[in-house]
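Here is a short note on charged and aromatic side chains. Please keep the structure open while you read the points.

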Amino acid sequence: MKVLFVSNEVAPFAKVGGLADVAGSLPPAIAERGPDIRVIMPQHRSCPADEECEIALPSLSVQSPGQAHVCQVLETRLPGTDRAAIAANRALRFNADVIHANDWPTGLIPAFQSLNPLGLPTVFTIHNLAYQGRFDLSRAAAIDIDPASKAMRLIEHGGQINYMAAAIRCARIINTVSQRYAREIQATAFGEGLDGLLRERADDLYGILNGIDYDHWSPVNDAEIAATYSAGDLSGKAKCKCALQRELGLPVNPDLPVVSAISRLVYQKGLDVLADALPKALGLPIQFVLLGTGAPALEDRFRALAARYPEAISAQIRYDEGLARRIYAGSDIFVMPSRYEPCGLTQLIAMAYGTVPVVRATGGLADTVSEHDGEQTGFVFTCLDPSDLAAALGRAVRAWHDSPRWRTLMRRCMRQDYSWSRSAGAYIELYEKAAGIRD
Ligand code: ADP
Ligand code: GLC
């Protein structure tokens, strides 16, 4: 089985959010199970310099109406994979059995493959249905599509070009990144205008939970954190907490729980509701740390909260993976009040670092965090409302003050296994279905 995996972002070369983590860690997990899988992405400015890559193809001509673009295909190896980079001409003769395309930037691939009688079968993964790649119909010529053609009917939705809709119509198999989100997006409330199309494809629509790479996200060997620790020996976590409080200029106080959020600051993540809840939640009392970038109004809101409560709130408005690691390790409680969440990786990473999540019951958050006795891994609230969020934080803080209970909870979180071992096999089954090798 040969698979060409296409993503606009791949960690560690270029990352905006969780898609990059997935594109950097799922293909190696699939390769371990046998398939030959190659990942292709655009060469963004943050990608490795040319000299770190081999030239797989010195000159590739890509036609678009009125002009031909000449580009180069460079090749490098994902860290952690031991498959050698392939020689240039072999790369060209890869002859994939299946193309696995991810999110709207790759949405035209299933459409064009389905229009070509020799087209390859495609699997399309929806990581976030809200970002659809919508463009004015007048842009059709720019992607070489005749407005009167069959292709136009495949890519048009609601009077616009819509890459996500095209992929949902044309991919042989569709999946999203948790079972709950796979169900949610078939209803109007989460369907972002595409629920009708998704219901039509319900028989070919699957939910496969994301995993994380525990070699990359582990307090046992994280070089960025003040002290390493494990479920068996948690002592290093207290050191990480002091170091974090010191680094961020908060009072160094082991007796206050540190609550954190690491997130894109966008509507999806519900952090506006957290900002509403914070003044009340500070009475618990807690310290709160935010790391994120996004909507300027929300960035300003968190800056203003930090200025108003300098002893209790730190707002770090930037993208910084090292600090993200020190926050995962140094905080006690991780909060994620998402309006919707296809999967969410940050709650999984937080759990790996023994930082107990407080989440809203939606999408992958509902599939990965439980507040039930005996299997509790966090605190869950349903209604996206500042008082429900503050109440869930209150339950978490009360539990934190009960040290034996909290240690049990931390250890249970750290022992959860969200490695790719389960899900990589499920993707291979989808590739086989797409290729017609299995029903
Ligand atoms: P999404 O893809 O919707 O942004 P995920 O939870 O799937 O959400 O993944 C987010 C990823 O981005 C995680 O690896 C998280 O650690 C990282 N991240 C988000 N914001 C920042 C930031 N400001 N600095 C560093 N890492 C960040
Ligand atoms: C998206 C989603 C997030 C998911 C990530 C990787 O960005 O917002 O929930 O974890 O993709 O699939």
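1. Start with a term. A salt bridge is a side-chain nitrogen of Lys or Arg within 4 Å of a carboxyl oxygen of Asp or Glu. Side chains of opposite charge can pair when their charged atoms come close. Keep in mind that this is a predicted model.

2. Which residue forms a salt bridge with Asp 222? Arg 325 does, and the closest N and O atoms are 2.8 Å apart. Asp 222 lies in the loop between β11 (205–207) and α9 (235–247), while Arg 325 belongs to helix α12 (residues 321–330), so the pair ties together parts 103 residues apart in sequence.

3. Are these two partners buried or exposed? Asp 222 has a relative accessible area of 6%, so Asp 222 is buried. Arg 325 is buried too, at 7%. The cut-off for buried is under 20%.

4. The charged end of Arg 325 sits over the ring of Trp 217, 4.3 Å from the ring centre. Another such case is Arg 339, whose charged end sits over the ring of Tyr 267 at 4.0 Å from the centre.

5. A pair of aromatic rings is described by the distance of the centres and the angle of the planes. The count of aromatic pairs is 9. In one of them, Trp 217 and Tyr 328 have ring centres 5.8 Å apart and planes at 80 degrees, so the pair is edge-to-face. For that label, the planes must be over 60 degrees apart. Trp 217 is in the loop between β11 and α9, and Tyr 328 is in helix α12, 111 residues away. Both residues are buried. Ring pairs join Trp 217, Tyr 328, Phe 334 and Tyr 353 into a cluster.

6. Back to salt bridges, of which the whole structure has 18. One of them joins Arg 180 and Glu 184, at 3.1 Å from N to O. Why are the two about one helical turn apart? They are separated that way because they lie 4 residues apart in helix α6 (residues 179–184). Arg 180 is partly exposed at 27%, whereas Glu 184 is buried at 10%.

7. Helix α8 (residues 195–200) holds Arg 199 and Asp 195, 4 residues apart and so separated by about one helical turn. Their side chains meet in a salt bridge of 3.0 Å, N to O. Arg 199 is partly exposed, at 44% relative accessibility. Asp 195 is buried, at 8%.

Terms used:
Residues are numbered from 1 along each chain as its sequence is written. Chains are lettered from A and ligands numbered from 1 in the order in which they are written. This is a predicted model: local features need pLDDT of at least 70, side-chain atom pairs count only at pLDDT 80 or more; totals for chains, interfaces and linings use all residues. Side-chain values use heavy atoms; hydrogens and water are left out. Buried means under 20% relative accessible area, exposed over 50%, partly exposed in between (1.4 Å probe, protein chains only). Rings of Phe, Tyr and Trp (its six-membered ring) pair if their centres lie within 6.5 Å; planes under 30 degrees apart count as stacked, over 60 as edge-to-face and the rest as tilted. A charge sits over a ring if NZ of Lys or CZ of Arg is within 6 Å of the ring centre and within 35 degrees of the ring normal.
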